[in-house]
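Me: I am new to this structure. Please walk me through how to read it, feature by feature.

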Amino acid sequence: LSPRYDAADSSNVGKKSILFDPSNSGKLIFVYNTNKIYARVISFSGSAGSESFSRSSAFTVSNYSYSSNSGTKMVPMGSTGRYVIPIENSNTAYLRIITASSSAITSRDSAGGSDAISLSTTVNYPPQIAIDPTDSTKGMMCAVNSSEDLVVRALTFSGSGTSATVSVGAETQLTPGILSGGGYRYSGGWQQIVACGAGKYVAFAKGGDSPHNNKIVGVAFDYDGSYTLGSATYAPQNITTDEPGPFWVASNNFYSANNTISLVGSYGSGSTRNPNHPVYATVCTRSDDRTISYTDVTAVGNTTNNK
């Protein structure tokens, strides 16, 4: 086993997000919460089981608090050394852009002052953000807003260092023809978004009302200055009819166009979660005509994955 390492320098850490630095081998970007949001570069070397670690000084990212509830995660802007951190504060979606060198977090955007840049969407939980794998100046925010609508906003990034900023597009519903765009879980519900290529995305959310009550809904869409939406699809539930719980998605490669997406989660929600609810996995394939196909769900464990 690898040795344990105190990445936060004895701080009492709350929610956190960690990813490998795509710009520098042997580096991790570590974002964590101790009443404010901080970040560090963690360096590691050595062979498996005998690694050595070092950490940069804590960098204050924002005076707001960070929450990784509902699977919220920091995302890299390609290999630029810049990272986008989704934040929720006082029921509003925000983001913060930080820059890292190979040894330290060097700056944060000044556009958000001491806090963060508003995305002007009312939420109960932080949004998700995806960066276009072919153009790091473009991205997409995804959230279930406080009206229970599954919505997105196009993001256009510019500048670097303290001058890094973002322009935010209009809020757009992904399923406007179903329940007037609503019917999704915003309280404890989960939403995810994956960029599959130039202007190509897939968003997922947990349904709360019929026809998609207690289902994971997937929608493929294109954006080239305007939206072209695919139809709502439902992830299979061939293991059990229990309510889906937390779920995560990942592309095979976040830095190049890829239409294959893995979805991993658990069944059971709230008080119904117990070790007998299986952890499952399925593979989603996005076609260029904005249709989505799914493999049958496969059980990969029997311990609920609710972290």
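**Reading the fold**

Reply: The chain has zero helices and 25 strands. Helices (H or I, at least four residues) and strands (E, at least two) are DSSP runs, numbered from the N terminus. The model is predicted: local features need pLDDT of at least 70, side-chain atom pairs count only at pLDDT 80 or more, and totals for chains, interfaces and linings use all residues. Residues are numbered from 1 along each chain as its sequence is written, and side-chain values use heavy atoms, with hydrogens and water left out.

Me: How much of the chain is buried?

Reply: Buried means under 20% relative accessible area, exposed over 50%, partly exposed in between (1.4 Å probe, protein chains only). Here, 48% of the 307 residues count as buried. Strand 7, residues 82-89, is mostly covered, with six of its eight residues buried.

Me: Which strands pair with strand 7?

Reply: Two strands pair if DSSP finds at least two bridges between them. Strand 6 (residues 75-76) pairs with strand 7 in the antiparallel sense, over two bridges. Strand 8 (residues 92-100) also runs antiparallel to strand 7, over eight bridges. Look at Val-84 in strand 7: Val-75 stands opposite, and Ile-97 in strand 8 is a bridge partner of Val-84.

Me: What sits in the hairpin turns?

Reply: Five residues lie between strand 6 and strand 7, and in that hairpin Gly-78 takes a positive phi near 60 degrees. Two residues lie between strand 7 and strand 8; Ser-90 in that turn has a positive phi of about 50 degrees.

Me: How many salt bridges are there?

Reply: A salt bridge is a side-chain nitrogen of Lys or Arg within 4 Å of a carboxyl oxygen of Asp or Glu. The structure holds five. One of them joins Asp-109 and Arg-96, at 2.8 Å from N to O. This pair links distant parts of the chain, 13 residues apart: Asp-109 is in the loop between strand 9 (105-108) and strand 10 (117-122), and Arg-96 is in strand 8.

Me: Is that pair buried or exposed?

Reply: Asp-109 counts as buried because its relative accessibility is 0%. Arg-96 also counts as buried, at 0%.

Me: Which residues form a salt bridge network?

Reply: Start with Arg-286 and Asp-222, whose closest N and O atoms are 2.5 Å apart. Arg-286 is in strand 23 (residues 279-286) and Asp-222 in strand 18 (residues 216-223), 64 residues apart. Salt bridges that share partners join Asp-222, Arg-286 and Arg-290 into one network.
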